[in-house]
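Here are a few notes to read alongside the model.

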Amino acid sequence: MVETTGIGYSPKDLQFGADGRKKLISGVVKMSRAVKSTLGPGGNTVLIESPNHTHGITVTKDGVTVAKAIDLIDPSENLAVRMMREAADRTATAAGDGTTTAIVLTEALVLGGLEHIKEDMNRTEVLRQMVDISNKVVDKLRRKAKKVSSSMLLDVASISSNNDREIGRIISEVYKDVGKTGIVTVERSQTADTYAETTKGLKIDRGYLSSLFINDQKKDECVFEDVMVLVADIEIANILQIENILKPIISEGKKLLIIAPCNVNVVNTLAANSMKGNLKVVAVPPPNFGYKQHELMHDIAVSVGATYYSEKTGDDLSHINYGDLGHASKVIVGKDKTVIIRSAAKSDEKLVEERVAQLWDGHKATAKKGEKDFFLERIASLTGGIGVIFVGGQTDLEQKELYDRVDDAVCAVRSALEEGILPGAGKALLEESAELGDNLITKGDDKILVLYSPEYNAALNIVRNALMAPFQQILTNAGLKPSDIYKDGTPIGHGYNLKTGKMGDLIQMGVIDPLKVTRCALQNAVSVAVTILSTNAIITMARTYEQSQ
C-alpha cells in the first residue's frame with residue numbers, strides 16, 4: 001500500500017551507492033535462479049501460479065514466460081527484475097529465443113562487476129570498456145557464423161522447440177515450402193493435433209493507422225478473414241469519397257482493408273464505427289515512399305485483384321465502386337506490418353505471373369545493388385508463401401506450453417536464416433571467452449605481456465567470465481561438471497551433445513544456436529548490466545505492508 005499525505009505529495013524511499021546496488025543485484029540473482037534452471041536440454045520446468053494463465057497455473061520451460069511471471073515484494077529488487085525482463089523481452093522480440101541466455105549473462109556480468117570493480121577505479125571507464133569488449137566479441141561471432149542450409153533447418157527448429165524433433169520437422173517443412181522470403185505465423189488449433197498449412201501471400205511494412213482497429217487484444221492485431229481490399233495512393237480526405245463502397249460493405253456485413261493515405265478525421269470516423277461494431281474495417285498507409293510506393297501498390301493491387309486508384313494516372317477516388325475492390329482470404333494487421341493471404345476469388349494468377357516476369361526483366365537490366373534488392377523483395381512478396389502452424393493440445397495447459405515453444409522456434413529459425421548459425425551448447429561464447437585471453441599477445445614466436453589499465457583489466461575479467469556462464473549453466477542443469485567431459489585440447493566448434501552423450505563437431509551433430517539469438521542476448525545483457533552497475537541512487541515509492549491475520 002502506498003501512503004500519501006496532502007494533495008500531490010507522494011513520499012519516496014531513497015537508497016544510495018553500494019547499498020542500492022546490492023538491492024538491485026539481489027533482485028537479479030533471485031530472478032536468474034528461477035529462469036536459468038530452464039536452460040538447455042537438461043533444463044527443468046517451472047511451475048507458475050498466475051491469474052494470467054489458464055486455470056491460474058502453467059508449467060513451462062520457456063524463459064520469457066518465467067521472467068514475465070516474477071514480481072518481487074521489495075521495490076528496489078523488483079526494479080532489477082523489470083530491467084532484466086526488458087532485456088529478455090528485447091531478445092525475444094528481436095530474435096525469438098535466447099531469453100534465458102540473456103538473463104544468465106546479465107547475472108554473470110552484474111556479479112562480475114561486484115567482484116572486479118574496486119572503489120579506487122573509474123567505474124564509468126570500466127563500464128565503457130565492457131561495452132567495447134562485448135562489441136568486439138559480437139563482430140568476431142559474425143565472422144564465424146555459417147549460413148543455414150536446408151538440411152540444417154530441422155536441427156535449428158528442433159533445438160529451438162526444446163529438442164522436440166516432431167515440432168522441428170513441422171517447422172522446417174513449412175520454411176522449405178514458403179522459402180527464405182516467406183512468412184510463418186503460429187495459431188491455436190481447434191483440435192488436439194498440431195499441423196501446418198501454407199498459402200500464397202504478401203507482407204507490407206506498414207501497420208494500422210489507429211489502435212482502435214485492434215480486435216485481437218492479446219497480440220495487438222486486427223485479424224479479418226474473407227476481406228475486401230481497397231488500394232489507392234490518393235488521400236481519403238472525406239468519408240463521402242468512399243461512400244459507394246462503404247454502403248455495400250455495411251449492408252452485406254463484409255470486412256474491408258483500406259490501403260491508402262487517410263485524413264485524421266476519416267481514420268477517427270472509421271475507428272469509431274469499428275469500435276461500435278457498425279463496420280468491420282482496418283486502414284493502413286501505403287508502403288514506402290516516392291516511386292517505390294507506386295510500384296509496391298501496383299504489386300499489391302495485382303496480387304489481390306484490385307483496381308489501383310492513383311494520383312499519377314489522374315484517377316478520382318469518388319468514382320470507385322464495389323467492383324474495384326480486391327479480395328484476400330485473410331489479413332493480419334499489426335502495429336508495424338500487415339500480412340495479406342491471397343485468395344483465388346479475384347486474383348488473376350496469369351497477371352501475377354506476368355508481373356513477376358516483368359520484375360525479373362527489371363532485375364536483370366539494372367546494375368545497382370539497391371535496385372536489384374528492391375526487385376527481389378517485390379518478386380518475393382508476389383511469389384513467396386505464408387505458412388501457418390496450428391498448435392494443438394489435449395488440454396488448455398498443454399496447448400499453451402506448446403504454443404509458446406513453437407512460437408519461439410519459428411522466430412529462432414527466422415533469425416538463423418537471417419544471420420546464420422554458431423555452435424550451440426554455450427560453446428560459441430565459451431570459445432570467445434578463451435580468445436579474450438589474458439594480457440599476453442603473440443608476436444612471432446614470443447609472448448609479450450601488455451600492461452593495460454586497471455579499468456580495462458577489470459572489464460576484460462567481467463566479460464570473459466560472463467561468457468562462460470551459459471555453457472556452465474547448461475551442464476549444471478544436466479547434472480554435469482565441465483571438468484567431467486571437456487579435456488584439454490577440445491577442437492574449436494567441438495563439444496558434448498547432451499542428447500546423445502557424444503563428443504563431436506557441434507554443428508554437424510545439430511547442436512546449434514542462431515547468431516542473432518546469441519548476439520541479441522549478449523548485447524541486451526550488457527546494456528542492463530551496465531545500467532545496474534552504474535546506478536548510484538534508487539528512488540522508489542514509499543510502501544507499508546500490512547500482514548493479514
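1. A definition to begin with: a residue is buried under 20% relative accessible area, exposed over 50% and partly exposed in between (1.4 Å probe, protein chains only). This is a predicted model, in which local features need pLDDT of at least 70, side-chain atom pairs count only at pLDDT 80 or more, and totals for chains, interfaces and linings use all residues. Residues are numbered from 1 along each chain as its sequence is written, and side-chain values use heavy atoms, leaving out hydrogens and water.

2. How many aromatic pairs are there? The count is two, where rings of Phe, Tyr and Trp (its six-membered ring) pair if their centres lie within 6.5 Å; planes under 30 degrees apart are stacked, over 60 edge-to-face and the rest tilted.

3. Tyr195 and Phe390 have ring centres 5.0 Å apart and planes at 20 degrees, so this pair is stacked. Tyr195 sits in strand E5 (residues 195–204) and Phe390 in strand E11 (residues 385–391), 195 residues apart in the chain; strands (E, at least two residues) and helices (H or I, at least four) are DSSP runs, numbered from the N terminus. With 32% relative accessible area, Tyr195 is partly exposed, whereas Phe390, at 14%, counts as buried.

4. Phe471 and Tyr486 make an edge-to-face pair, 5.0 Å centre to centre with 70 degrees between the planes. Phe471 belongs to helix H15, while Tyr486 lies in the loop between helix H16 (482–485) and strand E15 (494–497). Both Phe471 and Tyr486 are buried.
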